[in-house]
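Thank you for coming. I shall go through one structure this morning, and I ask that you keep the model in view while I speak.

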Amino acid sequence: MNPTTNTGDAYDASVRGGVWGNRLMWTLQILLALVFLAHGAMMLFPPAEIAKLMNQELPRWFQLFIGISEVLAAVGLTLPAITGVQRRLVAWAAVGLVIVMVCATIFHLRRGEYSSAATTLVLLAMATAVARGRYQREK
């Protein structure tokens, strides 16, 4: 493939950002997918001692909603790009995570959990970068 031509492939390394930009986006997508897959699974199937703590703070239906949403976000960050079907969904999955991370940061700050808030801010920055980067590639 000629790297100077735009073939219309949204994830073609020749389009905006080059090879390193594409690699960075994939790295961020995979890291985010792993984090949210693990956290989503933990929300869906928590160990007994963690379930007790979570049940004190959040109703079980909301825990299930968060868990399912996070697992779906992990799928949305990777599967469309891998299969080449509906690739714009990657950007939308990242936007969904941006919204979730803003809410999670506020939740943790209100409870005085500053280390958790810092973690959510890092994830927020990563999701924002993926949303922006993949949206720009779709243009």
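Leu89, Trp92, Val95 and Ile99 make a nonpolar surface patch of about 410 Å². Patches are built from residues with over 30% relative accessible area and no salt bridge, joining like charges within 9 Å and nonpolar side chains (Val, Leu, Ile, Met, Phe, Trp, Tyr) within 5 Å. The areas come from the Shrake-Rupley method with a 1.4 Å probe, and for residues only the protein chains shown count as cover. A salt bridge, in turn, is a side-chain nitrogen of Lys or Arg within 4 Å of a carboxyl oxygen of Asp or Glu.

The model is predicted, so local features need pLDDT of at least 70 and side-chain atom pairs count only at pLDDT 80 or more, while totals for chains, interfaces and linings use all residues. Residues are numbered from 1 along each chain as its sequence is written, and side-chain values use heavy atoms, with hydrogens and water left out.

Trp92 belongs to helix H4; helices (H or I, at least four residues) and strands (E, at least two) are DSSP runs numbered from the N terminus. Trp92 counts as exposed because its relative accessibility is 59%, where exposed means over 50%, buried under 20%, and partly exposed in between (1.4 Å probe, protein chains only). Which residues of H4 are buried? They are Val90, Ala91, Ala93, Ala94, Leu97, Val98, Met101, Ala104, Thr105 and His108.

Let us turn to the interior. In soluble globular proteins, nonpolar side chains tend to be buried together. A nonpolar core here is a set of buried Ala, Val, Leu, Ile, Met, Phe, Trp, Tyr and Cys residues joined through side-chain atoms within 4.5 Å. The largest such core has 22 residues, and those touching the most other members are Leu32, Phe36, Leu77, Leu97, Met101, Leu123 and Val130. H1, H3, H4 and helix H5 (114-138) each give two or more residues to this core, and H4 supplies the largest share, seven residues. Leu77 contacts Gln29, Leu32, Ala33, Val90, Ala93, Ala94, Leu97 and Val130, leaving aside neighbours within four places in sequence; contact means heavy atoms within 4.5 Å.

Next, the charged pairs. How many salt bridges are there by this rule? The count comes to two. In one, the side chains of Arg111 and Glu57 meet at 3.0 Å, N to O. Since Arg111 is in the loop between H4 and H5 and Glu57 in helix H2, this pair ties together parts 54 residues apart in sequence. In the other, Glu113 meets Arg111 at 2.7 Å, N to O. Arg111 is partly exposed at 37% relative accessible area, as is Glu57 at 42%.

Finally, the backbone. Most residues other than glycine have a negative phi. Gln86, although not a glycine, has a positive phi of about 55 degrees. Gln86 sits in the loop between helix H3 (60-83) and H4. Just after H4, Gly112 also takes a positive phi, of about 75 degrees.
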